[in-house]
Amino acid sequence: MSLNVESAPPLDAICPYFTRFPLSFPMTYLRDAVPGEYLFDPFCGCGTSLLAARLKGLSCAGIETNPVAVAIARAKAALATPEAVMARAAALLATSDAREKLPEDPFWQHCFSPEVLHAVCRFRTHFSKTITPGTDQVLCALLLGVLHGPNDSMPCLSNKMPASYAPSQEALLAYWTANRLSPPEINVLEVIEKRAHYLLSTPLNKVNGHVIQGDSSKQAPYRSLGGVDRVITSPPYFGLNSFIHDQWLRNWFLGNSKGTDCLLDQTDTETYARDLARVWRQCASVCRPGATLVIRFGGVPGVQGVVPRTLLEDSLALADSGWKTLRCKPVFRKRNAPPTLPFRPPAARPCNEFELCGRLET
Ligand SMILES: C[S@@+](CC[C@H](N)C(=O)[O-])C[C@H]1O[C@@H](n2cnc3c(N)ncnc32)[C@H](O)[C@@H]1O
């Protein structure tokens with residue numbers, strides 16, 4: 001199997017996630033990693049660091065609180081073939097309980113065509129009960145990815161809307177009505193087939209990877225972890241707290257009427273630093289001596305009086321668990337393309353971002 005670890009495999013794009021970092025970030029810090037090492041990410045989001053670990057043949061684990069991100073991250077570590085994904089999709093459409101009442105509010109009739117809404121609800125009935133490891137995990141994340149989007153370069157199931165977040169029902173309905181936009185009449189199985197062939201076109205390593213749904217500032221999710229060599233992560237930036245709210249449509253698809261947002265207390269920077277310190281302490285408890293730590297962190301425009309680097313360094317000092325900072329460098333992001341749809345994104349472009357590298361010295 002030939003792998004070019006510097007370029008992102010299609011699986012990286014299985015579903016957008018608003019606060020994700022680029023795959024090149026963990027890949028850069030894994031250049032010298034060797035198979036057999038173990039990577040851990042306590043805020044793994046949609047699993048970018050886990051995919052990087054997989055590309056390098058490393059075992060990996062992550063903790064994440066948002067069910068949508070958990071579902072995407074699990075697919076990044078899963079094994080599946082396009083044929084198996086197709087067969088599973090067809091079987092679920094044929095056999096899932098079709099008696100579920102379809103939502104009737106005008107929003108749903110404008111969002112999906114009748115056929116598509118039927119299919120979406122059938123998948124939802126299944127995935128809100130169970131997502132079996134392997135093929136099911138890939139199919140579920142693939143469907144989350146095509147559930148909504150602008151329907152330009154990639155066919156999506158919904159009427160025209162943003163891909164990486166979902167505006168409110170009221171805002172969407174007003175936009176669709178004002179612009180006389182109707183939902184696409186498409187064949188759901190054809191969309192899945194095309195997408196599965198694309199996403200799984202690069203064969204990836206089979207690695208031991210798992211994603212724990214939980215709060216990384218608590219002890220419980222760490223019980224099954226140990227022997228970690230590398231921590232690569234990006235905690236929620238102070239002031240950005242709406243990971244669930246803006247994913248309400250994907251959350252609905254997973255059967256969660258509401259989820260849990262960032263579980264770190266953002267009342268003030270002192271409380272936040274204390275919560276974050278618990279995470280670094282837990283991380284140290286599952287790491288080998290000499291383990292490395294790479295953290296990407298930054299600020300949220302408009303949040304006054306917070307110096308992200310001081311906040312992060314305070315949290316590491318409070319952890320008092322052997323993490324020593326080695327170096328820190330600023331991150332320069334490419335400018336985002338301006339939004340093409342008239343909806344306000346959940347957050348402005350982050351500011352003062354940096355990458356901090358450390359080591360566990362006990
Ligand atoms: C900056 S994002 C990380 C994105 C990730 N690096 C990626 O590429 O997708 C921070 C993540 O932390 C999650 N999160 C917030 N509080 C958490 C907690 N207490 N425990 C675990 N995850 C948490 C959020 O849901 C969010 O996905």
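## Domains, helices and selected residues

The protein is divided into domain 1 (10–78 + 203–360) and domain 2 (82–199). The model described here is predicted. The C-alpha centres of the two domains, domain 1 and domain 2, lie 27 Å apart. Contact between them involves 27 residues of domain 1 and 27 residues of domain 2. On the side of domain 1 that touches domain 2, helix H3 (67–76) and helix H10 (248–253) each supply at least two residues. H3 gives the largest share of that side, five residues. Sorted by class, the side of domain 1 that touches domain 2 has 21 nonpolar, three polar and three charged residues.

The ligand is surrounded by 22 residues, of which the closest are Arg20, Phe43, Gly45, Thr48 and Leu263. By class, this shell around the ligand has eleven nonpolar, eight polar and three charged residues.

Which residues of H9 are buried? They are Val188, Val191, Ile192, Arg195, Ala196 and Leu199. Because these residues cover an arc of only 125° around the axis, they lie on the same side of H9. The buried residues of H9 pack against helix H4 (82–95), helix H6 (114–127) and helix H7 (135–147).

In H11, the buried residues are Thr269, Tyr272, Ala273, Asp275, Leu276, Ala277, Val279, Trp280, Gln282, Cys283 and Ala284. The elements that cover the buried residues of H11 include strand E1 (38–41), strand E4 (228–233), strand E5 (287–299), helix H12 (308–319), strand E6 (323–330) and E7.

Strand E7 (residues 351–360) contains glycine 358. Is glycine 358 buried or exposed? It counts as buried, because 20 C-beta neighbours lie inside 10 Å and the cut-off for a buried residue is 20 or more. Neighbours within four places in sequence left aside, glycine 358 is in contact with Leu293, Trp323, Lys324, Thr325 and Leu326. Cysteine 140 is 218 residues from glycine 358 in sequence, and the C-alpha atoms of the two are 36 Å apart in space.

Arginine 180 and aspartate 320 are taken together next. Phi of arginine 180 is positive, near 50°, in a residue other than glycine. Aspartate 320 is not a glycine either, yet has a positive phi of about 45°. Arginine 180 belongs to the loop between helix H8 (169–178) and H9, and aspartate 320 to the loop between H12 and E6.

The neighbour counts of the residues discussed individually are as follows.

| Residue | C-beta neighbours inside 10 Å | State |
|---|---|---|
| Glycine 358 | 20 neighbours | buried |

How values were computed
Residues numbered from 1 in each chain as written. Predicted model: local features only at pLDDT ≥ 70, side-chain atom pairs only at ≥ 80, totals over all residues. Buried ≥ 20, exposed ≤ 12 C-beta atoms within 10 Å, placed from the backbone. Helix = DSSP H or I, 4+ residues; strand = E, 2+ residues; numbered from the N terminus. Arc of directions from axis to C-beta. Contact = placed C-beta atoms within 7 Å. Domains from an automatic or database assignment. Nonpolar A, V, L, I, M, F, W, Y, C, P; charged D, E, K, R; others polar. Near = placed C-beta within 6 Å.
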